[in-house]
Amino acid sequence: DNQQGCLADPKGPCIWNEIGKCCSKQPCVHSGAAPCNNDPAGCTWVGDANLCQPTRCRWTQQVDCEEKDGGICEWKTNTCAFKPCKQHGLNEKTCGNDDLCRWGTDGCEVKYCKRYGEQDSCDQYGACMWVVGSNCVDKNCGEFEECRCRKDGDCFWDEGTCKAAKFGQCPTLDVVLLVGGSVSMSQSYGVHPHGFHGLMEMLK
């Protein structure tokens with residue numbers, strides 16, 4: 001009936017709910033895939049992270065689906081499912097390997113241009129372009145021929161090559177970055193597995 005006793009419970013591991021002032025068994029503490037996935041409480045083994053975590057978006061009612069699990073689920077065709085890219089959670093590696101997703105300040109999110117499923121809406125947003133077979137992608141001036149390049153205000157034609165206008169007038173510049181290799185850089189940093197990932201994210 002108190003936090004100290006809850007966390008020290010030999011039947012644990014347990015977690016303390018400060019709002020409800022109650023103690024409950026911590027779910028999904030398995031160290032292997034089989035016992036994790038077979039847990040009747042609803043757990044999922046995340047192989048890349050070697051982690052057992054509660055299964056998300058398993059609700060059978062729309063209101064539960066949309067309000068629980070931190071807003072990462074959506075109700076579609078009478079089924080609760082992850083919103084695009086939210087199935088990666090805080091796993092930056094699997095997020096980056098998904099062509100639909102990018103790693104942002106709020107974790108894994110849909111690449112901006114990928115949000116447009118039709119050519120008209122894609123073309124209306126200046127930072128995107130429609131590519132047959134790839135749908136809506138980030139604009140790449142380097143793929144434009146001269147006529148289209150000169151018509152696009154975001155692009156710049158220079159010596160037979162189309163370049164992004166914001167970089168077209170810039171001379172080539174080499175940048176050397178020295179990063180310390182102390183032990184602290186190998187430790188976790190926020191949502192990143194170690195300091196080097198966190199530093200690279202900051203410099204993007």
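This is a predicted model: local features need pLDDT of at least 70, side-chain atom pairs count only at pLDDT 80 or more; totals for chains, interfaces and linings use all residues.

Trainee: Which residue in the turn has a positive phi, and of about what value?

Mentor: Look at the turn between S9 and S10. The residue there with a positive phi is Gly 133, at about 95°.

Trainee: In what sense do strands S9 and S10 pair, and over how many bridges?

Mentor: S9 covers residues 128–131 and S10 covers residues 135–138. Cys 128 has Asp 138 in S10 as its bridge partner. The sense is antiparallel, over four bridges.

Trainee: Is the link of Cys 28 and Cys 43 left-handed or right-handed?

Mentor: A disulfide joins the two, with S to S at 2.1 Å. Cys 28 lies in the loop between strand S2 and helix H2 and Cys 43 in strand S3, so the pair ties together parts 15 residues apart in sequence. The torsion about the S-S bond is -85°, and the link is left-handed.

Trainee: What about Cys 149 and Cys 162: which handedness does their disulfide have?

Mentor: Their sulfur atoms are 2.1 Å apart. Cys 149 is buried, as is Cys 162. The torsion about the S-S bond is about 90°, so the disulfide is right-handed.

Trainee: Is Cys 147 buried, partly exposed or exposed?

Mentor: Its relative accessible area is 45%. Buried needs under 20% and exposed over 50%. Therefore Cys 147 is partly exposed.

Trainee: How many disulfides does the structure hold?

Mentor: Cys 65 and Cys 80 form another, with sulfur atoms 2.3 Å apart. Both of these cysteines are buried. For the structure, the count is ten.

Terms used. Residues are numbered from 1 along each chain as its sequence is written. Side-chain values use heavy atoms; hydrogens and water are left out. Two strands pair if DSSP finds at least two bridges between them. Helices (H or I, at least four residues) and strands (E, at least two) are DSSP runs, numbered from the N terminus. A disulfide is a pair of cysteine sulfur atoms within 2.5 Å. Buried means under 20% relative accessible area, exposed over 50%, partly exposed in between (1.4 Å probe, protein chains only).
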